[in-house]
Amino acid sequence: NSMFLTDIYTNKEMVKMERTVEVGTHQVMLEEDGVKLSLTVVDTPGYGDAVDNTDCWEPVVEYVEEQFDKFLEAETRVKRVSLPDSRVHACLYFIAPSGHGLKRIDVEFMKRIHDKVNIIPVIGKADACTKEELDSFKQKIRNQLEEFEISVYEFPRDEDEAESSDIRAPFAIVGSNTVVEDSKGRRFRGRRYPWGCVNIEDQ
């Protein structure tokens with residue numbers, strides 16, 4: 001829940017956050033090393049938690065479509081009104097590190113939204129898996145995305161980037177909003193464990 005070493009949600013907000021499939025928005029201004037980013041996070045904290053998840057993706061799909069309609073209406077007026085762009089530009093879809101591939105709810109959601117927004121599938125809490133388990137898990141997910149014809153965002157490759165580098169979705173991440181120090185005195189954002197430290201920015 002952090003970017004640019006800034007909490008997007010405070011601890012109080014996390015405690016008060018209701019588990020619901022209703023769409024909520026949260027705006028934050030992030031800044032680091034002179035770089036500013038105005039970010040609007042659209043979240044559904046209770047997505048997929050119900051016993052019956054039938055059509056639980058509908059509020060999200062409706063929200064995305066509503067933002068497109070608002071933008072189109074503003075653009076097609078005779079006298080254009082300057083409105084903030086509230087369209088959803090990217091969907092970070094977090095996948096539990098189960099190792100078993102995508103669940104049915106994952107597939108159904110992405111099938112309904114992949115033609116409306118850039119989907120970036122992300123395996124959260126990736127430090128729960130070994131490298132071999134992650135490689136196998138990623139391949140399972142890629143096979144499923146191809147099988148169900150789900151389009152996800154493909155990041156452009158830099159000209160000087162090695163062809164062997166793996167920049168294809170899904171991406172495995174470890175999150176942290178704290179700075180730790182290892183045995184050699186190096187400071188970085190990471191997570192500390194009894195067996196050592198994980199640098200979350202180390203590829």
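Reply: Begin with exposure: a residue counts as buried under 20% relative accessible area, as exposed over 50%, and as partly exposed in between. The model is predicted. Take Asp69 as a case: its relative accessible area is 52%, so Asp69 is exposed.

Me: In which helix is the place of Asp69?

Reply: Asp69 sits in helix α2, which covers residues 58–76.

Me: Which residues gather with Asp69 in a patch of negative charge?

Reply: Asp52, Asp55, Glu58, Glu62 and Glu66 gather with Asp69 in this patch on the surface.

Me: How many helices and strands are there in the chain?

Reply: The chain has 4 helices and 10 strands. Their order along the sequence is β-β-α-β-β-α-β-α-β-α-β-β-β-β.

Me: What share of the chain counts as buried?

Reply: The chain has 203 residues, and 30% of them count as buried. Cys91 has a relative accessible area of 13%, so Cys91 is buried. Cys129 is also buried, because its value is 16%.

Me: How many disulfides does the count come to?

Reply: The rule asks for a pair of cysteine sulfur atoms within 2.5 Å. By that rule the count is 0 disulfides.

Me: Where do Lys125 and Glu149 lie?

Reply: Lys125 is in the loop between β6 (118–123) and α4. Glu149 belongs to the loop between α4 and β7.

Me: Is Lys125 buried or exposed, and is Glu149 buried or exposed?

Reply: Lys125 has a relative accessible area of 65%, so Lys125 is exposed. Glu149 is exposed because its relative accessible area is 65%.

Me: Which residues does a cis peptide bond join?

Reply: A cis peptide bond links Ala169 and Pro170, with omega at about 0°. Pro170 is in the loop between α4 (131–147) and β7 (171–172). Glu149 is found in the loop between α4 and β7 as well.

Key:
Residues are numbered from 1 along each chain as its sequence is written. This is a predicted model: local features need pLDDT of at least 70, side-chain atom pairs count only at pLDDT 80 or more; totals for chains, interfaces and linings use all residues. Side-chain values use heavy atoms; hydrogens and water are left out. Buried means under 20% relative accessible area, exposed over 50%, partly exposed in between (1.4 Å probe, protein chains only). Patches are made of residues with over 30% relative accessible area and no salt bridge: like charges are joined within 9 Å, nonpolar side chains (Val, Leu, Ile, Met, Phe, Trp, Tyr) within 5 Å. Accessible areas come from the Shrake-Rupley method with a 1.4 Å probe; for residues, only the protein chains shown count as cover. A salt bridge is a side-chain nitrogen of Lys or Arg within 4 Å of a carboxyl oxygen of Asp or Glu. Lys and Arg count as positive and Asp and Glu as negative; His and the chain ends are not counted. The place of a charge is taken as NZ of Lys, CZ of Arg, CG of Asp or CD of Glu. Helices (H or I, at least four residues) and strands (E, at least two) are DSSP runs, numbered from the N terminus.
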